[in-house]
Amino acid sequence: MSKRAAHGGPLGGRHERPDARAKVAGSTRYVADLALPGMLHAALAVSPVPSARVARLELAAARALDGVEAVLTAGDIPGKNQVGVVFLDQPLLVEDRVRMVGDRLALVAARTPEAAWQAARLVQPLLEALPGVHDPVAALKPGAPSVHEGGNLVRTFRVVRGDVARESARAHVVVEAEYHIGGQEHAYLEPQGCLAIPEGRERITIITSCQCPFYVQQAVARVLGIPLAAVRVEQAPTGGGFGGKEDYASEPAACAAVLAFATGKPVRLVLPRELDMQASTKRHAVVVRHRWGADRDGRLRFAEVDTVMDAGAYIGLSTVVAERANVSSIGPYHVPVVRVATHVAYTNNLFGGAFRGFGAPQVTWAAEATMDKLARQLGMDPLELRRRNVLDDRRRRTSTGQLLPRPVLARECLDRAATLAGWDEFHARPRAGSAAAREGMGIGLVLYGCNLHHGGQRLDRSSAVVILQADGSVVVRVGLTEMGQGNLAAAQTIAAQALGVDPAVVQVWQPDTTTVGDSGPTVASRGAHMSGLAILDAVRRLRTRLDPVAAELLGCRAGEVELAGGFAFVRGEPERTVPVARVAAEMAARRIEGIATGWHRTKARRFDPETGTGAPYEFYAMACHIARVKVDADLGLVRVEEVSAAQDVGRVIHRDALEGQIQGGIVQGMGWAISEELKLDRGRLANPSFTDYTIPTAADAPKVKITVMESEGATGPFGAKGVGEPSLIPTPAAVRNAVCDALGVEIDRLPLTPPTVVAALGERHPFAWLLSERRVDDHERLATFDRDG
Amino acid sequence: MAERVTVSLTLNGERRTFEVPPGRRLLDLLRDDAGLIGTKEGCGAGECGACTVLLDGSPVTSCLVLAASADGHDVVTVEGLASAGRLHPFQEALVTRGGVQCGFCTPGIAVTGVAILAHREADPSEQARLLSGNLCRCTGYTKVIEALQTVTGMENE
């Protein structure tokens, strides 16, 4: 029995992650590492243009290539030619109309990957160009080319509370701003991939890198025209997701499935990086307009927000992302009057989708920028302005009118992060003044609604299976996925804690749609929460059979049995013990069922989609990040020196996994804030590589300081709250505010690349005369971050 | 039958010979011909570092090395870092310090980290600079550098 287990169990500890040892040895098999005899390799022929009518597809050259076994087009799909989660507006293969670069025209299967991709390049489409639209604001104007029938406005979401005109009169300062916020590429290190294994034309197994095997199951069943039960989807070890493998992973899987049914052979598809970046979903680019007012004391009186989101050519998850952005627009602030409109617009750009934060990072960036502008106009410390406006235990009604449960830790997050960052000391000492290294500090604060929004609550349920083996070891299956964030470790910890055994005894296996129930996608920081509550339910049911056997061995009543440290013991008499493994052996010997299922669904909530008021989320997490930056004002280069994070996590489940989420979230957020720019040239991604799309390296990573706050009252397993997304959302805002603090200018554009920073300095830049519009690109080339330091 | 070239190399300490097409990448020789799938392909363009191996002791991205050019040389992959069935101390430190998340970049990071340690580089910011050819999207690098520092500390004791 381990010491830790003897004293309260593994919860909150740092025991080894169960997946770490195999991964570090290189023995974990991802999709690209799986092969079967006779397996074919798939490739995709895609559109090079964003808007066109397909006159003809010339396939003869592709079919004639040595090694090619199938070249398929839309007419070859046995079921419905449709993908998409919310709206079925996207074909798997284009029939007549191209709406974005990367739209699939044909599928190829060949005996080698080289032959497959060469054949894909030999597919010659005859395309008649159509007018396209590439700006979401322009897309909503009358006369804009329509991407789909029925116009480009997909939907508008609103929050309406109170009378803006009345409160406008009471405001002493008003900030009006228009923020242009760019998208982001997920840049998971493992490209999208899957392996499809057919059994005749009756059934199929898909092994895939994904965040939601159940979405993949639905998409494959639809394109093949077979029942859900005939599709078995197993999640392979997944090399990063961040939202990019939530819905999009269904598309490569559907392609491989169609090819596997057509050829009768296993088919593997792994996207080359360039195509993966070009064709997969992105964090949405948005334009956010603000009009916020505060009184003389800095108390917010009203906030108006109008956001236009670029959905791209297909809806994907855009309306769901917009739903979250809409209710996240005000942040953790008390505002008497709120008016938010969030519009979703079709364009012929790459399509937006899920990305860690799901619409909240963009609107949080805008809200926190406006808070700093208000502070500057009032001549007030930005920290103090936030302290005066944050929700707390007395004032706990959110911008949608939802009453938060106590404790509301916004002020504690602010104060703890400020202490960690040395906010007061930084502002007391004189700043480094040279142009080459101007220092600044900025705050970002988020109130994050955990789990799915009211609009998606039909998906907010989860399933678990717990099997007690005859030797006392335990199998756990959950419907939520591991993609690096630590869900295996979280599920293992929770199961071990509940069964009173060492975590090493518990083996958590990745989900498979034939072994566990549909648990929805692993998103919205819901993985550990939903896995954990389903596991606890399964353990509760298992104990209805385990406890009586233990009680018999212990000579007590079943109601007196407790489990801890690998033993069952009599409550109040810890010396009367029997090992859990002995109980398991006894159950096996007596042929008592050692398997139990568990289920959890979130509580139903009231929310009015018309006015955007009510309870969009079951509960919330809070996080504050404070960034300290150095800016080279000549070059416009931003260096994030340090980020201090304070986060309300409810209860720590696995401390290393938690810290890893915060550290990784901060660096991913920082990349979006300063260096990751999706350069779209009429809908085509002009920088689809890691040389031209620069994610942070080890040399760019700031020092990260963390303080986590545990609190009572959350409904998660042992009181835990989601951590994956609150770890990222405040950083970009904090970095923006720090840069503006350093330079004394307002920057309303993300990312803060050198040209953007230099342009914001305007006439104040030492080489302003050089920086005509025409020269900005040259300047950028010279000033891009040097990978080698 | 297409043209083939003979590649004889020391692979994880063992003398091996392969017949491969002249254009074959070292990455493909390792994964497809030698069955060493620990070396990953993340970009195929030498940008991400997931395919890093040691070529005569120096880290290289094996997606940019022709298999034929490894003829007569010494190659070590992530599978070759362990000795006598025990992980390299840096691999062990990545596990115990929580430096592993999705794991796809991890083999490349393990290989580069071992090279950094072999060069006796002890300064954490210099270690971070040397590791900057290995992209990681999960960890934010903090625990990876902590793992390097753990081994550096052990060696200095």
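In the predicted model described here, the C-alpha centres of domain 2 of chain A and domain 3 of chain A are separated by 37 Å, the domain bounds being taken from an automatic or database domain assignment. Their contact (C-beta atoms, placed from the backbone, within 7 Å) draws on 17 residues of domain 2 of chain A and 20 residues of domain 3 of chain A. On the side of domain 2 of chain A that touches domain 3 of chain A, 8 residues are nonpolar, 5 polar and 4 charged, where Ala, Val, Leu, Ile, Met, Phe, Trp, Tyr, Cys and Pro count as nonpolar, Asp, Glu, Lys and Arg as charged, and the others, Gly among them, as polar. The assignment places domain 2 of chain A at 34-130 + 201-268 and domain 3 at 286-453 + 609-783, with domain 1 formed by 3-28 + 461-601.

Chain B is divided into domain 1 (5-77) and domain 2 (89-156), whose centres, taken over C-alpha atoms, lie 22 Å apart. Here the contact involves 14 residues from domain 1 of chain B and 11 residues from domain 2 of chain B. The side of domain 1 of chain B that touches domain 2 of chain B comprises 6 nonpolar, 7 polar and 1 charged residues.

Residues are numbered from 1 along each chain as its sequence is written, while chains are lettered from A and ligands numbered from 1 in the order in which they are written. Local features of this predicted model need pLDDT of at least 70, and side-chain atom pairs count only at pLDDT 80 or more, whereas totals for chains, interfaces and linings use all residues.

Notes: Contact = placed C-beta atoms within 7 Å.
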